[in-house]
Amino acid sequence: MNSDELLDFALGQLEDPRRRACEEACRCDPDLAARVQKTRRALDLLADDGAMFSPPPGLANRTLAFVAQSPSTHSILDYVPARVPFRWADFAVAASIFIAGLLTLMPAVQRSRERMNQAGCVFNLQQIGSSLAQYATLHPSYPAPPSHRADAQSGLFVALLRDAGVLPDVSVLDCPYNGKCDLQHARGLASFEKADDLRKTDPAAYAKAVCWDYGYNPGYRHASGQYGPIDARPASMIPVVADQPPDDALLGDVDHNSPNHYGAGQNVLYSDGAVRWHRSRLVGPHDHDVFLNNNRKMEPGLDERDSVILPREVPFNNSEAR
Amino acid sequence: MVKVIGMDTTQGLAHQTDEDLMRRYRDTGDEKVYNELVHRYERELYRYLARYTGDPSTAEDVFQNTFLQIHLKRGLYEDDRPFRPWLYAIATHQAVDALRKAGRRPTVSLDQKLSPSQGESDAGSLLDMLVNDDTGPLADLQEQERREWVRESVEKLPDALRQTLILAYHQDLKYREIAGILKIPVGTVKSRLHAALAKLQQMAKVAQRDGKED
């Protein structure tokens, strides 16, 4: 028996099984019994004041009379059940409050996410704009294929930028808004020529590699009758890159915007390096549709003021409709 | 429904536990059940209150108010809740209120921190202090003189220690019941009790030394 237990035993504080064990130990060990006895004596000397408080006669009856006479001052708490049982109605109320809170909160969260994704898309286009500006300092125009590769798809402007070493990171080609682009294969994209060869030899692998979310303006029909790229003139406001055009079925309808932002509009990168958000396909008084030329076809523009953002799978100089 | 004959007689009620009686009083408001509870605790609770308040008439008032509260708050009694700690908790609150109104004792928070000098020493050293002193500083006093000294010394203890000492030593309540009454952990009850004893032992030594010097 340790000191703590001995003190508790002397104070009568040990619970039953342990108390019996201590009593048994005291029976077997006279020294221990004497020590317990001594402790009890010391405790009694310190705390026992010998006072015998007896209730005054009739206390209980007086108390009953007092309670009977007292006004029955009930408080609201007296009617509250001590333990409220589970009720489906309470659960339904709690659930509806939770759902109402969620419904209130969800649009705000959604709006915040949309703004963040919108900002991400603008940032991507600015990065691409920066790459194009660097390209334009090395070349007379924006990316365009050599004449023997004129049927290359316009999406390969990215390969041309990478060949020039001005687009190190292809992750800027993923518009964060729709979250559909997987650029894993695009990262392994080889040179422009190899990529164009891949299109002919393995169209499936090519489609996987060229999968980004932005379309490119390959140029327009020049006065000579030939198709050519737009000139790099920072002062002019010519759409160069934008969110990808809608699918074939919706392309002809001017009311349908890019699918990147779920039809809300499209971000357009201009040759002055700025990115502007358009809620419609109208980008200028002479250019009513950024995704079709002024002949309502998905072909390069008819003139300098007719800008067309082509889907990545449409050839640079092709005059065939998709 | 079959009515159990004899259940409502005084003898029948006497065999029921406090918890059963309280539950029945809560549900039915049966006066006989309430009478039984008041009579059952008349002596024990009065003894506690008289010792704690130090005044018989205050103790009587507090006793009556305690049972008035039991009557008024019977709806709050929870099934399976031990009745005795609940009764003592109400009585203690009533007593603290009464003492505060009378302004006779400085009120001390129940959760006050105890200084090391107030006996946060371990049980071993407390036991040594109590037992190793061969006769004890109080053993030489006359019994009447010693009782007087104990009464006065216990009165001087801080409220939290005095409460615990009375409940554990004089009322024979277990640590766990006291913890329920004072709403403090069992460990704190134990340390308060040890602190009270250590403080009394310390006071006894001082009294002995002063006596010898005189």
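I began with charges and found 5 salt bridges across the interface of chain B and chain A, counting a side-chain nitrogen of Lys or Arg within 4 Å of a carboxyl oxygen of Asp or Glu. One salt bridge joins the side chains of A:Asp8 and B:Lys190, at 3.0 Å from N to O.

A note on the ground rules: this is a predicted model, where local features need pLDDT of at least 70 and side-chain atom pairs count only at pLDDT 80 or more, while totals for chains, interfaces and linings use all residues. Residues are numbered from 1 along each chain as its sequence is written, chains are lettered from A and ligands numbered from 1 in the order in which they are written, and side-chain values use heavy atoms, with hydrogens and water left out.

Next I looked up the extent of the contact (heavy atoms within 4.5 Å): chain B brings 54 residues and chain A 43 residues. I noted a buried area of about 4600 Å², with 61% from carbon and sulfur atoms; this is the accessible area (1.4 Å probe) that the two parts lose on being put together, summed over both. On the chain B side, B:Leu72, B:Leu127 and B:Tyr169 supply 14% of the area buried against chain A, more than any other three residues.

For A:Cys26, the nearest cysteine sulfur belongs to A:Cys22, 6.8 Å away. For A:Cys121, the nearest is that of A:Cys175, at 3.7 Å.

Conventions:
A disulfide is a pair of cysteine sulfur atoms within 2.5 Å.
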